[in-house]
Amino acid sequence: MKSISKLIRRFVGIMMLSIIFLVIINVTFYAIVFVKNTPAFSPWDMAQQTADALQLTDTGFFLPDDIAAKLKEQNVWAVLIDDDTRKVTWQTNNVPDNIPMRYTLSDIANLTRGYVDGYPTFTGESPNGLLVLGYPKDSFWKHTRASWDYDFIANLPKNIIIILAVNTVLIFLIYAAANSKLLHSIKPITNGIQNLSSGSPVCIKEKGVLTELAEKINKTSEILQKQAEQLRKKETARANWIAGVSHDVRTPLSMVMSYAEQLENSKNLSEIQRKKAAAIVKQSKRMKDLINDLNLASKLEYDMQPLTLKQENAISIVRQVIVDFMNMEIDDSFPIEWKAADTLSVCYINADTDLLKRAISNLIQNSINHNENGCVIYASVDEDNYTCRICIEDNGIGASDEQIDILNNTPHYMICDTNTSEQRHGLGLLIVKQIINGHNGKVIIDHSEYGGFKVMLIIPRQSTT
Amino acid sequence: MNDEYLLNKRILLVDDEPELLNIVFSVLTEYGFQNVKTAKSVKEALEEAEKFRPELAILDVMLPDGNGFDLMEQLKKNGSYPVLFLTARGEDDDKFKGFGLGADDYMIKPFSSKELLFRVMAILRRCYKDENPLVQLHNSRIDFSRAEVLKNGEHIPLTAKEHDLLSVLYRNAGRIVTIDALCEAAWGDNPFGYENSLMAHIRRIREKIELNPSQPVSLVTIKGLGYKLIVEGK
């Protein structure tokens with residue numbers, strides 16, 4: 001939608017600039033033409049100059065040569081009419097034959113504002129009478145009849161501006177009317193393109209000037225929707241398949257585990273046999289964890305396990321997970337130490353308690369699984385202004401820089417889009433990452449200051465209750 | 001903690017897999033349960049329940065002639081007793097459905113015998129209280145019915161909060177109870193910020209149950225995490 005208004009703004013801008021440019025061009029052009037067509041010397045001035053120059057001498061009237069030459073050059077004739085007798089008392093040589101030699105008062109009034117026999121005439125006042133210059137026929141327009149209302153001329157500048165403004169508005173309206181159809185067709189198309197990018201289905205009416213484009217967009221949307229639907233079906237089928245297999249494996253595994261547990265505790269068996277049974281129990285538990293992990297990982301990956309986020313106290317959650325582990329009394333070789341500051345008793349986050357507990361359990365279980373000879377596990381929670389940091393680390397065998405780099409930066413084989421036979425790490429950490437991503441947080445894997453492995457979960461904090 | 005009386009409770013096991021039925025049966029009987037009956041279908045379970053009058057039912061969800069959820073509803077019509085689901089259906093929806101219908105616990109296969117026993121005992125303890133709740137500690141004895149402690153022949157009364165806290169600790173005897181769980185037991189749903197009050201109550205409880213409160217042997221602190229009540233004979 002932004003692009004449409006931008007487009008309209010740009011079109012209108014260009015149009016306004018064009019109008020201003022045309023006005024300037026026109027005004028300049030007419031100004032030049034006007035200046036070029038205005039005689040350098042006004043015929044009224046010429047008449048007055050001639051009247052002033054004409055002198056009455058003892059021998060008669062005398063016109064200086066330079067004035068006479070100017071008149072001749074322009075093919076202008078001149079007569080002097082006496083004030084009292086209204087007879088021509090002096091004339092130039094080139095006065096046409098049909099020019100009267102005697103004038104009435106009305107003749108004088110006529111020649112002053114108009115013509116004498118088609119010759120445009122101009123008058124100048126001389127002490128000896130009225131000097132009349134006759135210019136060649138068709139050399140000047142004399143607006144003998146034209147006259148304007150006073151206000152019309154006085155308001156001319158204002159009127160010109162109003163006319164220009166009205167013209168501009170009219171042009172704009174014509175433009176808008178002409179283009180509204182085009183803009184009307186563009187709007188649904190831009191909306192459609194925006195919806196396409198957000199993945200929603202698009203159906204644009206296929207009419208107007210851009211019908212072809214609308215057809216193509218509708219078709220693209222159809223293809224995208226079909227592909228998305230197929231992908232969804234595929235993902236659901238995959239997650240359901242994993243869930244189905246997990247379900248089918250659970251009952252037989254229950255029997256394996258339970259019988260092995262009975263054998264492990266049987267007093268009738270030898271120590272070696274009991275150890276073998278214990279190994280079966282241990283491996284069955286691993287299989288059980290794997291099934292659960294696989295199921296959860298696939299569900300989180302395909303968004304089939306929506307997170308229910310609520311305001312929770314992170315410290316309380318971490319404390320409960322640790323206590324659950326300690327209460328299980330799995331092995332004395334894995335003591336867990338609480339390292340959070342005593343002063344920090346509440347750190348609110350938006351969390352899905354069950355899944356966050358699962359993530360923290362996975363990290364503690366990882367420390368146990370990867371340190372056969374035992375290790376101390378350290379758990380802590382701290383906070384800054386914006387985040388809550390949950391840290392699970394150990395003093396066990398740890399990992400190399402290279403391994404840590406892989407864990408931090410390489411996608412897990414389960415969500416890797418290239419073929420790979422390399423199983424970089426178990427599902428435990430993948431699930432942790434998926435869960436923390438769902439909490440808008442991040443997971444940082446590093447060396448621990450205690451010498452082993454460290455995983456920090458950073459989750460946005462909620463400021464108050 | 002004396003749980004002997006719970007071993008007399010009647011338990012009904014329902015699963016269509018005979019092998020698994022045998023396993024759970026032997027796990028329970030080897031632990032000491034004397035009254036355990038099994039059934040392989042909904043029909044069998046209803047008949048057995050009629051005669052046996054169980055006090056706990058352990059049900060599978062998928063049965064040949066129906067499902068465990070419907071079975072639970074029918075069983076509960078004839079008697080109010082706890083139900084634990086033991087099933088391979090690990091979906092959250094199934095779990096929620098089970099709990100929604102009134103199940104007391106939900107375990108997903110495969111399970112460890114130890115965990116099953118622990119959960120069964122926890123349900124029984126919750127539902128069938130000891131008629132004589134006298135708890136023997138190292139240096140004293142708690143009488144929950146009278147809300148008092150007997151130490152060196154002296155009867156020391158417990159306050160309501162001390163009673164609540166000791167009850168939670170006793171129900172989880174031998175296990176750590178988090179600071180948050182204790183605060184919740186004493187102060188309800190929004191228990192954060194009561195840690196100092198909790199410490200004060202724990203100190204007073206120790207003065208009542210311990211010989212030397214500064215070196216406790218029955219109510220021990222697990223630094224930063226919680227407390228653990230150690231009961232004699234447990």
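The exercises below work through parts of a predicted model, each with a stepwise solution.

The model is predicted, so local features need pLDDT of at least 70, side-chain atom pairs count only at pLDDT 80 or more, and totals for chains, interfaces and linings use all residues. Residues are numbered from 1 along each chain as its sequence is written, chains are lettered from A and ligands numbered from 1 in the order in which they are written, and side-chain values use heavy atoms, with hydrogens and water left out.

**Exercise 1. Chain A in outline**

Task: State how many helices and strands chain A has, and what percentage of its residues is buried.

Solution. 
Step 1. Helices (H or I, at least four residues) and strands (E, at least two) are DSSP runs, numbered from the N terminus. Chain A has 12 helices and 14 strands.
Step 2. Buried means under 20% relative accessible area, exposed means over 50%, and partly exposed lies in between (1.4 Å probe, protein chains only). Of the 465 residues in chain A, 36% are buried.
Step 3. Accessible areas come from the Shrake-Rupley method with a 1.4 Å probe, and for residues only the protein chains shown count as cover. For chain A the accessible surface is about 28700 Å², and carbon and sulfur atoms hold 56% of it.
Step 4. A contact means heavy atoms within 4.5 Å. Among the contacts in chain A with a separation of 6 or more, 61% join residues 24 or more positions apart.

**Exercise 2. The buried side of a helix**

Task: Find which residues of helix 7 of chain B are buried, and explain why they lie on the same side.

Solution. 
Step 1. Helix 7 of chain B spans residues 179–187, and its buried residues are Ile179(B), Asp180(B), Leu182(B), Cys183(B) and Ala186(B).
Step 2. They cover an arc of only 160° around the axis, so they sit on the same side of helix 7 of chain B. The arc is that of the directions from the helix axis to the C-beta atoms.
Step 3. Just after helix 7 of chain B comes Gly188(B), with a positive phi of about 90°.

**Exercise 3. Salt bridges**

Task: Which residue forms a salt bridge with Glu195(B), and which helices does the pair connect?

Solution. 
Step 1. A salt bridge is a side-chain nitrogen of Lys or Arg within 4 Å of a carboxyl oxygen of Asp or Glu. The whole structure has 20 of them over all chains.
Step 2. The partner of Glu195(B) is Arg319(A), with the closest N and O atoms 3.0 Å apart. This pair crosses between chains, from helix 8 of chain B to helix 9 of chain A.
Step 3. Glu195(B) is buried at 17% relative accessibility, and Arg319(A) is buried at 3%.
Step 4. A second salt bridge joins Lys9(B) and Glu55(B) at 3.7 Å, N to O. These two are 46 residues apart: Lys9(B) is in the segment before strand 1 (10–14) of chain B, and Glu55(B) is in the loop between helix 2 (42–52) and strand 3 (56–59) of chain B.
Step 5. Asp94(B) is buried at 9% relative accessible area, while Arg89(B) is partly exposed at 26%.
Step 6. Salt bridges with shared partners join Arg319(A), Asp180(B) and Glu195(B) into one network.

**Exercise 4. An aromatic pair**

Task: Is the pair of Phe122(A) and Phe140(A) stacked or edge-to-face?

Solution. 
Step 1. Rings of Phe, Tyr and Trp (its six-membered ring) pair if their centres lie within 6.5 Å; planes under 30 degrees apart count as stacked, over 60 as edge-to-face and the rest as tilted. By this rule there are 13 aromatic pairs over all chains.
Step 2. The centres of Phe122(A) and Phe140(A) are 5.7 Å apart and the planes make 80°, giving an edge-to-face pair.
Step 3. Phe122(A) lies in strand 6 (residues 119–126) of chain A and Phe140(A) in the loop between strand 7 (129–134) and helix 5 (150–154), so the pair ties together parts that are 18 residues apart in sequence.
Step 4. Phe122(A) is buried at 3% relative accessibility, whereas Phe140(A) is partly exposed at 26%.
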